[in-house]
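This report goes through one protein model, starting from a single residue and ending with the whole chain. Please look over the sequence and the structure before reading on.

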Amino acid sequence: NLASWRGKNGELAQAITEFETLLTDRKHLLGPDHPDTLTTRNNLARWRGRNGELARAITEFETLLTD
């Protein structure tokens, strides 16, 4: 939730960094296919898109959809 609120507050780079850290932890603890891990990947891609990293966000969403 903290990462999302940072993003909503305009702190996009910080939100992305926090989602990256959360994703690493969730993959390690829950596995790559756990619903919470997939949700984190979605959130990370969404904030990347809002931060102007459109190509990377699209690629991440495409990969997420496949998974």
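In which helix is T37 found?

## Basis

This is a predicted model, in which local features need pLDDT of at least 70 and side-chain atom pairs count only at pLDDT 80 or more, while totals for chains, interfaces and linings use all residues. Residues are numbered from 1 along each chain as its sequence is written, and side-chain values use heavy atoms, with hydrogens and water left out.

## Residue T37

T37 is found in helix α3, residues 35-50. Helices are DSSP runs of H or I with at least four residues, strands are runs of E with at least two, and both are numbered from the N terminus.

T37 counts as buried because its relative accessibility is 0%; buried means under 20% relative accessible area, exposed over 50%, and partly exposed in between (1.4 Å probe, protein chains only). Apart from neighbours within four places in sequence, T37 is in contact (heavy atoms within 4.5 Å) with L23, R26, K27, L30, G31 and P32. A polar atom of the T37 side chain lies 3.5 Å from the backbone oxygen of R26.

## The chain

The protein chain has 4 helices and 0 strands, in the order α-α-α-α along the sequence. Buried residues make up 30% of its 67 residues.

Of the contacts in the protein chain with a separation of 6 or more, 35% join residues 24 or more positions apart. The C-alpha atoms fill a box of roughly 30 × 25 × 15 Å along the principal axes.

Notes. Polar contact = N/O pair within 3.5 Å; in protein donor to acceptor, adjacent residues only side chain to side chain.
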